[in-house]
Amino acid sequence: MAAAATRLPISQVLVFEQSGRVLWRRGAPSLAGDPVSALVGRYLLEEKGGGQRAAIGEHDLHWRLVNECGLVVVVAAPRTLELDWCGDLAEAAKRKVAALARGAPDARAALRGGFDATYDSLERELEGKLALRRKRETAELEQRRARAAEQRERQAAAKAEAEAEAEEDDDADDD
């Protein structure tokens, strides 16, 4: 199974059986330190905690269990990027995998054969949402900057007015 590159700044997206057998992959063929195997061993097999995120090695892993078909969706991202939307991607991929599982007699075969187009659509949708969020955040930042500039101008005007009044008072006292 050849893994295509991902358009998003993540290392890998996987869908695998809870036993660890990979059914679908996007991104790097392997990750340094094999964090996904560590995830399976430390969290999934031992069923530790209710968390769906773990920092393992150089990666943050976000996972979701697709209980209907015994699958796991994992998004692995470099820890250095601190991406706050990886959990959203994992959740959206989980919903797509679950829908595929409900609609196919053999979910695993359907996933191996046809999830690429579904994931590509999901990636484009997330890119659009991220672009809108960046645009909104940029607009909010510009508004804060404009308000701060206005406040500085008002403060400078008030200071100049106070200095002018003080100078007038000094001139009046000198007379």
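The model is predicted: local features need pLDDT of at least 70, side-chain atom pairs count only at pLDDT 80 or more, and totals for chains, interfaces and linings use all residues. Residues are numbered from 1 along each chain as its sequence is written, and side-chain values use heavy atoms, with hydrogens and water left out.

The protein contains 3 helices and 5 strands. Helices (H or I, at least four residues) and strands (E, at least two) are DSSP runs, numbered from the N terminus. From that end, the order of elements is β-β-α-β-β-β-α-α. Of the 175 residues, 34% are buried. Buried means under 20% relative accessible area, exposed over 50%, and partly exposed in between (1.4 Å probe, protein chains only). The accessible surface is about 10,700 Å², and carbon and sulfur atoms contribute 47% of this area. Areas come from the Shrake-Rupley method with a 1.4 Å probe; for residues, only the protein chains shown count as cover. Among contacts with a separation of 6 or more, 52% join residues 24 or more positions apart. A contact means heavy atoms within 4.5 Å.

The 5 strands form an open, antiparallel sheet in the order E2-E1-E5-E4-E3. E2 and strand E3 (53-56) stand at the edges with a single partner strand each, so one side of each has no neighbour in the sheet. Neighbouring strands are turned by 20° against each other on average, direction ignored. Two strands pair if DSSP finds at least two bridges between them.

Valine 15 has tryptophan 24 in E2 as its bridge partner. The two strands form a hairpin with 4 residues between them. In this turn, glycine 20 has a positive phi of about 115°. Strand E2 (residues 22-27) has 5 of its 6 residues buried, so the rest of the structure largely encloses it.

Arginine 53 is the bridge partner of histidine 62 in E4. Helix H2 (residues 86-103) packs on the sheet and touches E1, E4 and strand E5 (71-78). The direction of H2 makes about 30° with that of E4. Axes are lines fitted to C-alpha atoms, for helices over the stretch in contact, and angles run from 0 to 180 degrees between N-to-C directions.

E3 and E4 form a hairpin with 2 residues between them, and glycine 57 in the turn has a positive phi of about 60°. E4 also pairs with E5, again antiparallel, over 8 bridges. Here tryptophan 63 stands opposite valine 74 in E5. This hairpin has 4 residues between its strands, with glycine 70 in the turn at a positive phi of about 65°. In E4, 7 of the 8 residues are buried, so this strand is largely enclosed by the rest of the structure.

H2 has 18 residues and reaches 26 Å from first to last C-alpha, close to the 26 Å expected at 1.5 Å a residue. The expected span is 1.5 Å times one less than the number of residues. Its buried residues include Leu89, Ala93, Val97 and Ala101. Cysteine 86 is also buried, with a relative accessible area of 1%.
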